[in-house]
Amino acid sequence: MPRTYIGALRGFDDGTDVVIYGWLQEARIMKNVSFLILRDNTGIIQATFKNDEATLETIKRINRESIVKVQGVINKKSVSKSGIEIKGTSVSVVNEAEAPLPLPVIDPVQADLETRLNSRFIDLRKRNVSAIFRIESSLLWGIREYLHGQNFIEVHTPKIVAAATEGGADLFPVRYFEKDAYLNQSPQLYKEVLMSAGFDRVFEVGPAFRAEEHNTTRHLNEFTSIDIEMSFADHNDAMSMLENAIKSGVENAIRTNNDDFEALGISISVPETPFPRITYEKCIELLSSEGIDFKFGDDFSPDHLRMIGSRFKGFYFITEWPASVRPFYTMPKQDDPKLTNSFDLQYREIEVTSGAQRVHDPKMLVERFREKKLDVKSFQFYIDAFKYGMPPHAGWGLGLERLTMILLGLNNIRETTLFPRDRTRIVP
RNA sequence: GCCCCGGUAGUGUAGUGGCCUAUCAUACAGGCCUGUCGAGCCUGUGACAUGGGUUCAAAUCCCGUCCGGGGCGCCA
């Protein structure tokens, strides 16, 4: 007999014979009858057994979280709370679990995040933990769908590279045979080169590596970056692409992940577009109206951003950042080159996306390299792409884990990462 | 990189110098219970991160080490 998913049982008639496989979440053994609570990826079901001697012996020996096979008959007139159960005819252990568990799956005690991450495979068995990753998947799917609809193609650029993207951030060195190489911190240079190649619109979903020794609840040393680059476009085009992509992601999650939001005990709504925009200089005014002295050319601290963010319901763009705090490839503002055609997408104090119109004139690019005191030679492959017909272009990079974190109201980015890499953690 | 904080059974905790052969919950083991559903009841097993020091006396105070949490900087 083929396996039936637990979530599909309601679709069958009362009295149907079925075989189900699952993790034994709990066994409640009474004098005359036993209840086995089984869980698979699709749901939870109770199987009941009359306590004949052989069955009782089997059931007593099964540890929690063992994989078991139950054969039985669907009972839709059950007095159980769910109204449906399996009247078991046979039960067997497919693969035994050791006891006690390193981490409780259903106990009321809440394990620390560190303990949970050390036994992540068990942690993820919890409905409210796996829900995060189902929603994350749906968010990404909705974003992909939108970008495909806008004629973007999905690309994959190298993660082992010879040179830094922006010169600033710390890179993880790797040995590449007889050469020194690094793990890429961003696909920035490659996606721009693809604009010169004529692809017009590309996006990439992939890992980005930062060797920064940060120690916060919103940083990872390896995270998933959703990057786009589009030709014959400016920062405004990129911003509207971003808000619509996020909207599409949220819509998709709301449409398909009802049970997961329920498991998390939250509900979210589709953000209204367009997202509000505030310039960097307006932010300074805002801060100074609150008595905060802020120097033009500095970056905002989390406290500043909390203050600015309190003026907005959810997402908001901060635009026209000074050139001093943006990377070399950022296009200066035409009538005021101290500023740039750049933006960050913020959600309260959290930066979710960073983007801009890019410099496309090779002479201006080289000039910007000099200003930032970067070695032109190590970026030669990149600069070459600008010499032979580079269209004007713009793009952004969106942190998937951060997006999921802020949408779900979670307080630690490790919650939205299956196996997070942080300052000290590389296992599991 | 800088600053603050913490490590007690499988898990989560109580404990601030003697009342600690260390509290409670849950897990685990055994038993009881005619349908449970956060099952209930009884019994039992199980821990002071590590090395040194102070003291008549250390889970508790001091120092080192290891491990972890948080904030800042930087960024997605």
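Biologist: What is 2.7 Å from a polar backbone atom of Glu 351?
Modeller: In this predicted model, a sugar or linking oxygen of RNA strand B lies 2.7 Å from that backbone atom of Glu 351, which is a polar contact (a pair of N or O atoms within 3.5 Å). This being a predicted model, local features need pLDDT of at least 70 and side-chain atom pairs count only at pLDDT 80 or more, while totals for chains, interfaces and linings use all residues. Side-chain values use heavy atoms, with hydrogens and water left out, residues are numbered from 1 along each chain as its sequence is written, and chains are lettered from A and ligands numbered from 1 in the order in which they are written.

Biologist: And which side chain has an N or O atom 2.8 Å from a phosphate oxygen of RNA strand B?
Modeller: That side chain belongs to Asn 412, whereas a polar side-chain atom of Arg 210 is 2.5 Å from a sugar or linking oxygen of RNA strand B.

Biologist: Which residues come nearest to the RNA?
Modeller: Of the 52 residues around RNA strand B (a heavy atom within 4 Å of it), those that come nearest are Glu 26, Arg 28, Gln 46, Arg 210 and Glu 213.

Biologist: Switching topic, where is Phe 177?
Modeller: Phe 177 sits in the loop between strand E8 (173–176) and strand E9 (179–183), strands being DSSP runs of E with at least two residues, numbered from the N terminus.

Biologist: Buried or exposed?
Modeller: Phe 177 has a relative accessible area of 66%, so it is exposed (over 50%, 1.4 Å probe, protein chains only).

Notes. Helix = DSSP H or I, 4+ residues; strand = E, 2+ residues; numbered from the N terminus. Buried < 20%, exposed > 50% of the residue type's maximum accessible area, 1.4 Å probe, protein only. Polar contact = N/O pair within 3.5 Å; in protein donor to acceptor, adjacent residues only side chain to side chain.
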